[in-house]
Amino acid sequence: MDTRAVVVIGLGPMGQAMAGAFLDQGYRVTVWNRTASRAEALVTRGAVLAGTVDEALRAAEVVILSLTDYDAMYAVLGPAERSLEGRVVVNLTSDTPERAREAAAWFTERGARQLTGGVRTPPSGIGDPAFSTFYSGPRELFEAHRPLLEVLTGTDYRGEDPGLAALFYQLQMDMFWTSMLSWLHAVAVADAHGITAEELLPYAEETLGGMPQFLNFYTPRIDAREHPGDVDRLTMGVASVEHVAHTTRAAGVDTALPAAVAEIFRRGAAQGYGDSSFTSLLEVFRAAAAAPAPAG
């Protein structure tokens, strides 16, 4: 098949940005979306709007999926599964590692092959090699189509397991959303005291910008499963988080976030980690993951 042809299925902001990046690089782009009007600007630039999913799948060997989740993927592709044979499906749809593995098997049963992807940029970063996308799946498939993938972003191949790209992506989202939520919470408390987000911004940047030095300091200890209380102690963390919760309550702001953090810290202290570093909470998380699920 034509190596300069590509199909993009799903034209939300991300899918539109991807299709646009391929057009910018001279690719012959076929697109499909449930709401066909979303393709209008792309068609004006030279994309071909397929009338059906079957028609889209037959237009090129490589198919880029940019859908809400894997349920949406099955709903879109299921009725057209006979047209999947011989296709390379670059599945940039976000979901769990296990669902990525299940999807890879589903595609294999239908004569297609999947590369799982996790895009590490908003739509505005598509086309910029400074950003990257996690990929996993058959290495030879990744290498064969690497030039096409690098039209979108830089590439970070994680391994043969189709679930690895989804896993690394969700790890990033775990950190991202928790960090952004903590910033919004701090803005809410600041606002209650007449402090604007703009006034808080330089201090937020300083706090978050200093995180890498903490990560670099604690990472070797964590990998060694050592949590000495020589630099910090969990009991100090309990007091600190409780002060945040009290400040939040006094400001009339929702206390759910600091209360949840405080509960985790208290649980660690109750399990005997009070004189250890706050990183000992990792053992609390691990113990919870290893605990048997409740009956029923």
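Mentor: Let us begin with the elements: helices (H or I, at least four residues) and strands (E, at least two) are DSSP runs, numbered from the N terminus. By that numbering, α8 is followed by Gly194, whose phi is positive, near 80 degrees. This is a predicted model, in which local features need pLDDT of at least 70 and side-chain atom pairs count only at pLDDT 80 or more, while totals for chains, interfaces and linings use all residues. Residues are numbered from 1 along each chain as its sequence is written, and side-chain values use heavy atoms, with hydrogens and water left out.

Trainee: What makes the phi of Arg225 worth a remark?

Mentor: Its phi is near 55 degrees, which is a positive value in a residue other than glycine. Arg225 sits in the loop that joins α10 (211-223) to α11 (234-250).

Trainee: How do you know whether Gly209 is buried or exposed?

Mentor: Buried means under 20% relative accessible area, exposed over 50%, and partly exposed in between, with a 1.4 Å probe and protein chains only. Gly209, which belongs to helix α9 (residues 197-209), has a relative accessible area of 52% and is therefore exposed.

Trainee: And why is Gly125 called buried?

Mentor: Its relative accessible area is 3%, so Gly125 falls under the 20% limit and counts as buried. The residue lies in the loop between β6 (113-119) and β7 (128-136). Not counting residues up to four places away in sequence, Gly125 touches Phe131, Leu152 and Thr153, where contact means heavy atoms within 4.5 Å.

Trainee: What makes Ser276 count as buried?

Mentor: Ser276 has 18% relative accessibility, and because that is under 20%, the residue counts as buried. Ser276 is placed in the loop between α12 (256-273) and α13 (281-290), and its contacts beyond four places in sequence are His227, Gly229, Asp232, Arg233 and Leu234.

Trainee: How do helices α8 and α9 pack?

Mentor: Axes are lines fitted to C-alpha atoms, for helices over the stretch in contact, and angles run from 0 to 180 degrees between N-to-C directions. Helix α8 (residues 164-192) and α9 pack at about 135 degrees, with 10 Å between their axes. Angles under 35 degrees count as roughly parallel, over 145 as roughly antiparallel, 65 to 115 as roughly perpendicular and the rest as oblique, so α8 is oblique to α9. In that contact Trp183, Ala186, Val187 and Ala190 of α8 meet Ala197, Leu200 and Ala204 of α9.

Trainee: Why is α4 called roughly parallel to α5?

Mentor: The axes of helix α4 (residues 70-77) and α5 cross at roughly 15 degrees and come within 11 Å. Since that angle is under 35 degrees, α4 is roughly parallel to α5. Residues of α4 in the contact include Tyr70 and Asp71, and those of α5 include Arg99 and Trp106.
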